[in-house]
Amino acid sequence: MKRNRKELNQIHRNPLPVELSVDTRGELPLVNVTNGISWLWLWIRIATLYFTSPPRAPKMRISLEDPGVFALRSEGDMRRAWNNGFFGKGTLSRSEPTFGARVSGQLKSSEAVTSERRRKRREFKELRAQFQRLEAEQRKRELSLEEMQKMEELKVKMEEVNTEALTFKDNEETAGSEDLADLEFSQLDPVEAFFLAFALEAGEVSTEKSVLNDIELLRSIADLDHSQESFVHRLSAFLQRYVVYHHYRSLGWCVRSGIKFGCEYLLYKRGPPFHHAEFGILISAADESRSWEDTMAVARVIGGVKKTLIFAYVEMPTLEQVSEVWEGKKSPRQKVMDLLQLYRISEMVYRRWSPSRTRE
């Protein structure tokens, strides 16, 4: 069953899977500058917060599996990642990992909801056609008592069909549904996994052997690219995509993959359940030349789905600069921060100019 807006606002109230101090510790009391007791209460409250720290939520466990898949296996981690920022995609779902709920009969898929809505619409149209035929006859002659009763029945049925909520016809659990529910996991894009682990520190990526630090994670991601380029080149190519992702996430956008529209990312104001994406992001190096044929093809696709195309140009450092920072002696986290500072982003909004629509 589709959730209403109020329920969605409650489920997705946090834009990122991080805890704010105001949520875990509460707000500081208001102070009246002329009241000494209010100052005393403020200092007591600050001391309490300093000496007592509430337990933090555990980090999400992201497993790096063969062949290069970043997976969230825990049901709690999948829910947390999706509900707080729309990270990942269910491998057996369109986006939100709902396969387990669907096989157990607790939730209806979007495809089933659409099919049910169409069936209701057809039923309503058939009832309306019968009602309109009787109305036409009523204008020509006086209807019999049976025909008048039928009109009333049709009117009641139309109201019921038009306002009836979409519910399941069969809520019984499917045999073996518990085993089927465990088949799905949430798959993260490498930039999502790195953002959760490095930027938010809300997740930790591990292999079968150990938990990866920031530098080890970067190396693993760069090794997923099986091109013939050097390691530093592959590393720089990933960081080019990541800095754009990090840039828009830091501005408050919900960033999702835009591969089905021919671009790198889609920007949502809040998330897929609330609005359609407003922008499509196409990433290029600042000195990279792109053919007009490719540009116009992507622009046509993005414009056809009523989105705005943004060119994100990334000023890339030289491979020597990347290699120098990579081989430095700093801590893994500081080394990654130094690498990211080598990149600069500039944006250009593309809109197709149509003379027939912009004439004065």
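Mentor: Start with strand E6 (residues 254–257), which is joined to E7 by four bridges. The two strands run antiparallel. Strands here are DSSP runs of E with at least two residues, while helices are runs of H or I with at least four, both numbered from the N terminus. Two strands pair if DSSP finds at least two bridges between them.

A word on the source: this is a predicted model, where local features need pLDDT of at least 70, side-chain atom pairs count only at pLDDT 80 or more, and totals for chains, interfaces and linings use all residues. Residues are numbered from 1 along each chain as its sequence is written, and side-chain values use heavy atoms, with hydrogens and water left out.

Tyr265 in E7 has Ser257 opposite. Next, turn to the pairing of E7 with strand E8 (residues 279–285). Three bridges link E7 and E8, again in the antiparallel sense. Here Phe279 in E8 stands opposite Leu267.

What covers E7, and on which faces? Strand E7 spans residues 265–268, and both of its faces are covered. On one side, Tyr265 and Leu267 are buried. Buried means under 20% relative accessible area, exposed means over 50%, and partly exposed lies in between (1.4 Å probe, protein chains only).

For contrast, find Trp39 in helix H3 (residues 36–51). Trp39 is partly exposed, as its relative accessible area is 36%.
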